[in-house]
Amino acid sequence: MDNSVNPAQGKTAARPVVQQLKDRPRASVLIVGGGINGVGTFRDLSLQGVDVVLVERGDYCQGASGASSHMIHGGIRYLENGEFRLVHESVVERNALLRLAPHYVKPLQTTIPITSTFSGITAAPLRFLTHKQGKHTERGAVLIKAGLLMYDFFSRGGRVAPRHNFVGKKKSLQELPKLRSDVKYTATYFDASVHNPERLTLDVLRDGLEANKQSRASNYVSAVGTTDAGTMLRDELTGEEFLFEADVVINATGAWVDETNDSFGKRTSFMGGTKGSHIVLDHPELLEACAGRELFFEHTDGRIVLIYPMGDRVLVGTTDIDADINEASVCTDEEIEYFFELVAHVFPTIDVRRDHIVYTFSGVRPLPKHDDTQPGFVSRDYRIEKRNDRRGGKNVTTLSLVGGKWTTFRALSENLASEAMTALGMPRKTTTSELQIGGGKDFPSTEAEERLWINRTANEVADRDRVRVLLTRYGTRATDVLAFLAQGGDQLLASTNEISTRELTYMVENEQITRLADVLIRRTSLAFRGLVTEAMLNEMAELLAPQLGWDEAETRRQVESARDLLVTMHGMKIPAAV
């Protein structure tokens, strides 16, 4: 969930997915929260044949799941916290996602620049024991080498990437000539990145919907309370409330778990999320300096931060600040200055200015309450809190998810689904450990295979460039999209060559678009890459209006709402229409 402008309250078409919930207001399991963990659990339960419903008060992947560092990683820095179980699970899941979701999860070469040899050896045990930074002491080569040896050990099962390697100053500067001149070593290892977390979430959701025709899911529906008759749901577009009954309720609302439980009449104090912000830069010099790899390093304050290329943009992050979830989660001026400082820390000759920023984003991590533990040392592991109640003479089990991270979503979802099935008295039928996700099935594994797939698929409806865009956006599900495009007249938008008129219709009919911003931020990467213009806002809104039942006033409001969201919450500068 984010703090964006509320959905439309004006004239819109009725939503079939909401009507389905009203027509059959019961399921075995109700999941509240449409981030990656809620959606992953929905998929797992659907595959078991469970009648499951998911509701999300905003759009899918709108909150912390969409505001991540876009990394699928084993969490090398968690070793310092002693979270060995989490590191082992994370590297296993990272390796699995590279196989199961190759359309969105890609190998990420990661380099650590190091400026000292022995520094930090005496401070490391104190950090390990107290989970506090204390007086900052840089982590030197010996300490980093020890950590990477442990990381390689944890990564040995199902290895899909080479072991780490260390090189000295001369070779480091040959490989990365813009690095600071006092670098003594660089250490390089491999993790993975997810360039389209929002679309991967949609793909997982679609897997769940297709696996079990009983299963239902709706965005822009919130859970606002309980009665003896069930959980009160509210359509966020119309304000209409209705009761929904379930034997198991899963609270997967991330940083808002306690607030959701409070609305259910049960006060909890599980959560203590921290805010993480990022900036996206259009900066060719910095992009070239990264040489296709992530720079993962320790800033002057001891925080672990990152710089890495995503396509033709560079992502810089992240902060880790105690957050008030009642305040807007926005990347602040102070955080932007911090990012500029960390870039200068590694690449001192590269000038980064505010006019290089094309997009900013910020979210609250769903971390457990951590009292006086410093944010950077708070556990990234997860746990499941269980409560049993009597409602209307029936037993209802509530499972609250505390914590969780992108990399482990599949394993977490399997564990959470198993807890729900235990409460229902149902056995597990299958596992998702080897089940490919959506458009990852039969996805080309090399650049040569990808070119062949594109050339073979291109036709009179879509040329090679268009097929390439669709393959990137949908994986091999692009064939379904192409078949849909071929069923009617289609043309590229005048404001962008990355989306067409009929593809917008496909999104409306298959991906539960409700707002203009849904298309720009979560169905495409147009906003992330800073490509949104005033002309694009107006053109898309006019095309969506008849399909979503917007009248002229609502169409105008959608444009204004999307513009305000992108400017206020994401730091964008929207070029005016020519």
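Predicted model: local features only at pLDDT ≥ 70, side-chain atom pairs only at ≥ 80, totals over all residues.

Me: Which residues of helix H14 are buried, and on which side of H14 do they lie: the same side or opposite sides?

Reply: Helix H14 covers residues 478-485, and its buried residues are Ala-478, Val-481, Leu-482, Phe-484 and Leu-485. These residues span an arc of only 160° around the axis, so they lie on the same side of H14. In general, an α-helix has 3.6 residues a turn, so residues three or four places apart point the same way. For H14, the answer is Ala-478, Val-481, Leu-482, Phe-484 and Leu-485, on the same side.

Me: Which helices do the buried residues of H14 pack against?

Reply: The residues in question are Ala-478, Val-481, Leu-482, Phe-484 and Leu-485. They pack against helix H12 (447-457), helix H13 (464-474) and helix H15 (501-510).

Me: How many disulfides does the structure hold?

Reply: A disulfide needs two cysteine sulfur atoms within 2.5 Å. Cys-61 is buried at 2% relative accessibility, and because its sulfur is 18 Å from the closest cysteine sulfur, in Cys-331, the gap is too far for a bond. Cys-331 is buried at 9%, and its sulfur is 18 Å from the closest cysteine sulfur, in Cys-290, again too far for a bond. The number of disulfides in the structure is zero.

Notes
Residues numbered from 1 in each chain as written. Heavy atoms only, no water. Buried < 20%, exposed > 50% of the residue type's maximum accessible area, 1.4 Å probe, protein only. Helix = DSSP H or I, 4+ residues; strand = E, 2+ residues; numbered from the N terminus. Arc of directions from axis to C-beta. Contact = heavy atoms within 4.5 Å.
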